[in-house]
Amino acid sequence: MAKPVTTFVCQSCGASSTKWSGRCDACSEWNTIIEEKPLSQGPSKKSLGAVRGRKIPLTDLSTKEAPPPRTASKLDELDRVLGGGLVPASAVLVGGDPGIGKSTLLLQAAAAFARTGLKVIYISGEEASAQIRMRAQRLDLTDAPVRLATETSLRDILTTLDEEEPDLAIIDSIQTMWSDTVDSAPGSVSQVRAAAHELTTFAKSRGSAVILVGHVTKDGQIAGPRVVEHMVDTVLYFEGERGHQFRILRSVKNRFGPADEIGVFEMTGAGLAEVSNPSALFLSERGEPAPGSAVFSGIEGTRPVMVEFQALVSPSPHSQPRRSVVGWDGSRLAMIMAVLESRCGIPFAGLDVYLNVAGGMRVTEPAADLAVAAALLSAREDISLPAETVVFGEISLSGALRPVGQMENRLKEAQKLGFSTAILPSGGKASSKGGMKLTRMSDLTTFVGEVFGAG
């Protein structure tokens, strides 16, 4: 019998190797590699063939079984991100920066689900029961029938859940849980993987929903091995800037609903308040038209959201100009500036460029390319765009403007907020309903010449 191979795993990024070293080759972190005990070898190949599974043709599977019923929490933004409500026997992973409001959100969610009749248990490994009660009192949730527990031993938690049989169990957080069958410290890759596996297995076998809170790394990813995100059914990220009161709950994986859906909350003294019209909130502080400002009509999941792109272009005193981006992709900004210089003859050499998405929103879709180009040109030429103009469209490397999806929904949201003019690509299906003026552009050169008279 071959001897099991010992593996050494980095507790920061999860990379494994066959020998120990002081520095991880994958993430360059020091003193994060520990030895993991190998798994015991299974039975021989001969014994594995003794039991075979029964083959079931796909055509014999019954399709009459109804889908599992969802339970709505009456928090519309949370239900939207979950795909319509909480699904029984599901596992949900929620990640976010420290202090962003994960525990506050889940305590409010626990109270909301408990008030609908579900049996809810909130288990914390980071706070004492008195601290959780203080937060509940501040959030006016003391009358909610939620059971509290403070425990970090996975064996004790599973024993309690097995006896109580709750409809929903919230674990805050998965990094504080430890299993006595794994010889490593709490928060290590082995412990996180084992705890997530046991809790997910409990959810599937007992029909209870489990919500796990996960810490994030300095890169914004959920700490621990990526296999944890594959184990669970839904992965949610709670985002937001500390300087803004807005918080975004974003779905990046959902087996029971659309991915990339968002829910918008506002942090107040009494907890997180839902924002039913995020477009109006993100544009509420927008004043008179100023150079460097462009309004973009985007789509987040199934919801149109309008945000303001702000750009600042100034002469650089340094030999290497600065490129600072908040809320958007920095490499995409470099591509747009290269297209402007190559196709339109507008250089940004020797100029510092700053780009910001107002309100702490993070935009990822390429439909914002034209709005970014408009903000950059407006700041560079010191020309303000009209106040009631919205811009969207994708820019190709050839300088052509490509149509984007759901153009009708983007225009409808813009019109609802009082915008009367839209600049968009020439292709795609879009009609001017309600007297909204549509200005179609075929390429970036035409856009630069007609709007700014430059290039």
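Okay, let's start inside the protein: Phe452 has a relative accessible area of 8%, so it counts as buried (buried means under 20% relative accessible area, exposed over 50%, partly exposed in between, using a 1.4 Å probe and protein chains only). Before I go on, a word on what you're looking at: this is a predicted model, where local features need pLDDT of at least 70 and side-chain atom pairs count only at pLDDT 80 or more, while totals for chains, interfaces and linings use all residues. Residues are numbered from 1 along each chain as its sequence is written, and side-chain values use heavy atoms, with hydrogens and water left out.

Now the overview. The protein chain has 12 helices and 21 strands; these are DSSP runs numbered from the N terminus, helices being H or I with at least four residues and strands E with at least two. Out of 455 residues, 46% count as buried. Contact here means heavy atoms within 4.5 Å. If you take contacts with a separation of 6 or more, 66% of them come from residues 24 or more positions apart.

Back to the aromatics. How many aromatic pairs does a search of the whole structure find? It finds 4. Rings of Phe, Tyr and Trp (its six-membered ring) pair if their centres lie within 6.5 Å; planes under 30 degrees apart are stacked, over 60 edge-to-face, and the rest tilted. Phe238 and Phe265 make an edge-to-face pair, 6.4 Å centre to centre with 70 degrees between the planes. That pair links distant parts of the chain, with Phe238 in strand β9 (residues 234–239) and Phe265 in strand β11 (residues 262–268), 27 residues apart. Phe238 is buried at 3%, and Phe265 is buried at 2%. Our opening residue, Phe452, pairs edge-to-face with Phe447, at 5.9 Å and 75 degrees. Phe447 has a relative accessible area of 0%, so that one is buried too. There's also an aromatic cluster made of Phe296, Phe309 and Trp328.

While we're on strand β9, have a look at Tyr237, which sits there as well. Tyr237 is buried, at 11%.

Next, the annotated stretch. An unreviewed UniProt entry marks a "binding site" covering Gly96, Asp97, Pro98, Gly99, Ile100, Gly101, Lys102 and Ser103. UniProt positions use the numbering here, feature names are shortened, and annotations may be inferred rather than shown by experiment. Is Pro98 buried or exposed? Pro98 is in the loop between β4 (91–96) and α3, and at 57% relative accessibility it counts as exposed. Ser103, in helix α3, is buried at 16%. Beyond its neighbours within four places in sequence, Ser103 touches Tyr122, Arg135 and Asp172.

That brings us to helix packing. Two packed helices are described by the angle between their axes and the distance between the axes. For α3 (residues 102–115) and α4 (residues 129–138), the angle is about 70 degrees and the axes are 11 Å apart. Axes are lines fitted to C-alpha atoms, for helices over the stretch in contact, and angles run from 0 to 180 degrees between N-to-C directions. So α3 and α4 are roughly perpendicular (65 to 115 degrees; under 35 is roughly parallel, over 145 roughly antiparallel, the rest oblique). Ser103, Thr104 and Leu107 in α3 meet Ile132, Arg135, Ala136 and Arg138 in α4.
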